[in-house]
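Colleague: Thanks for making time today. Could you walk me through the aromatic contacts and the surface of this model?

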Amino acid sequence: MFNVSQSTLVIILTYSILLLIPEFLLIRHPNAVLYVVSVVFNLLFYISLSYVLCLIGRLPGKGFEKLWHTCWHVIIYFFSASNIFLYVFFGLHWDAFTLELINETNQTEASGFVVTYLTTAKFYWIVFFYTVLAILEAWCLHNWGNKLVSFGKFRWVAGGIVLLMLGHLVMFSTNYEQNYKIAKGLPIKRNMLWKLEQSVLQFIESHEEYDICARFLKEASVDSCAYSSPNIVIIIGESFNKHHSSLYGYGKDTNPLLSKEKNLYVFQDVVAAYNLTSECFKRFLSMASADDSISWCEAPLFPALLKNAGYHVTFYSNQFTKEAEHDQFNAKAGFFSHPAIEPYIMDERNHGMFDYDGELLDLYRQHREQLEDHPYNLIFFHLGGQHFPPKMKYPIDRFSHFSASDYANRTDLDENQRQVVAEYDNATRYNDMVVNEIIDMYRKKDAIVIYFSDHGDECYDFRNHTGRTYDFTAMDARAVHCQFDIPFLIYVSDTYKERHPELVQEIEAATDRPFITDDLPHLVLHLAGIGTKWYRPERDLISPLYQNDRPRLINKELINYDDFCRTH
């Protein structure tokens, strides 16, 4: 048992090194001694695991052993390299959060992902590094034969290590809460395979939230409705960094049309609750806020309350669509496509997506007369916005207003990076046109239009980085401002302004108040005039009872946005 061939030893060391490489980057501990303890533990864990894999491979015979190790080589090389990729580009690793990201990524976003990240020098260096490792392993296997290496002198030590590691299997049960209790204070808590298993278990449990959400939607009720705003239009943008908007003082004219609107109210201090689209939707649709004692799914989603009050709810999205041929729930279309949730929160929706948001509006116009043939309407437009890569979000032949030469003052960037900034600003100008066209549709109606972005984004604003990051230990105030500061606009038609002067005065008085999209439902209920136990005026942006000093908690860590930006 303690005699190992040289080739087997190479495989054991290869597996162990591949699994340990990401650990050097992913282990988080401020104490250097405990960091070293964690690394040593993980090394012994992976050696033991690799040894057990080799033993299993030898049991059925030579043919099986070759197939066995071929499969495990593919799995372990991919797992190691992809962890490094996720860390280098996003500050992430394989966990439930990453699985959810992939699960909700559509074909358009996937192609954008390839263009943005898989053609970069960083990606090629990762491929080169792992290619060198594979060549080195192949050379060792070719030149080192089946000569046995004996560990007999160390059999008690080796056996003890293997048994100790196998004893940790009890912490890999299907009950993640129990696993955490058993592992308390042990270095296994800093092992990425253990954390991955716990994360997957939590991922599975999170889908149970959909069933809970459905139960609360069934019980959602309103006490009264004044129908104060007959037509409420909510436009949800995508990846709009407020600091690239000329409405907020950006040096390039990225909002030429909206800047001319006389009935447009620009809110100065609004932040997104999350920097991930699906989580943003949960937070700004649910009547439960992040600092409540209940989860997002344990309260109604506000469209259900308006629907119950008599509003006709339409949802047109250029991201989350339900394909006509899909009879079953497809998680990639967003949690609100769940068959037990969708009927309670919307009456109509589109099927299929478009290259550009303007094409989504064209589709809506074709059916508008039928969709708005109701006295009271709640209409959602969910745009593709400025999602990376931005050059895919606007017709290049007609909307290439900016080019790399317009950013010559950005000497910190090379030509390609300046071009990406230009493309982001072009996508922003295109978004300006799309939002303005939506406003045009409601100028002559008794309507109010709310526009905000789900979250922000980075575009070489202060460092060599585009997109978002999800590890707050690698972020400072500048990154948070780029990824969470968003534009928040309210437009009212002349008719609306004439018929609802009190509401307009309240809107005008609130433009400088700090706000987080987590509390959007209370603002919408106020605009609709809905009375319900779920409404809280202290969270309603335009209410005289609004609490300006309420903590704005962002992301899954529920970090206080204002405190973080002051101290980082």
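Modeller: Happy to! Please keep in mind that this is a predicted model. One aromatic cluster is formed by Phe267, Phe281, Phe284, Phe320, Phe452, Phe488, Phe515 and Tyr546.

Colleague: How many aromatic pairs does a search of the whole structure find?

Modeller: The search counts two rings as a pair if their centres lie within 6.5 Å. Over the whole structure, the number of aromatic pairs found is 34.

Colleague: What is the geometry of the pair formed by Phe89 and Tyr117?

Modeller: The ring centres are 5.4 Å apart and the planes meet at 75°. Planes over 60 degrees apart fall in one class, so the pair of Phe89 and Tyr117 is edge-to-face.

Colleague: Which helices does that pair link?

Modeller: Phe89 and Tyr117 are 28 residues apart, so to speak, in distant parts of the chain. Phe89 belongs to residues 62-90 and Tyr117 to residues 107-117. The helices are H3 for Phe89 and H5 for Tyr117.

Colleague: Are Phe89 and Tyr117 buried or exposed?

Modeller: Buried means under 20% relative accessible area. Phe89 has 8%, and Tyr117 has 10%. Both values are under that cut-off, so Phe89 and Tyr117 are buried.

Colleague: Where in the chain are the partners Tyr364 and Phe381?

Modeller: Tyr364 and Phe381 make an edge-to-face pair, with 4.9 Å centre to centre and 75° between the planes. Tyr364 is buried, and so is Phe381. They are 17 residues apart, with Tyr364 in helix H14 and Phe381 in strand S9.

Colleague: Which residue lies over the face of Tyr442?

Modeller: There are charges over rings here, including Lys252 over the face of Tyr407, at 4.6 Å from the ring centre. For Tyr442, the distance to the ring centre is 4.8 Å, and the residue is Arg368.

Notes
Residues numbered from 1 in each chain as written. Predicted model: local features only at pLDDT ≥ 70, side-chain atom pairs only at ≥ 80, totals over all residues. Heavy atoms only, no water. Phe/Tyr/Trp six-rings, centres within 6.5 Å; stacked < 30°, edge-to-face > 60°. Helix = DSSP H or I, 4+ residues; strand = E, 2+ residues; numbered from the N terminus. Buried < 20%, exposed > 50% of the residue type's maximum accessible area, 1.4 Å probe, protein only. Lys NZ or Arg CZ within 6 Å of the ring centre and 35° of its normal.
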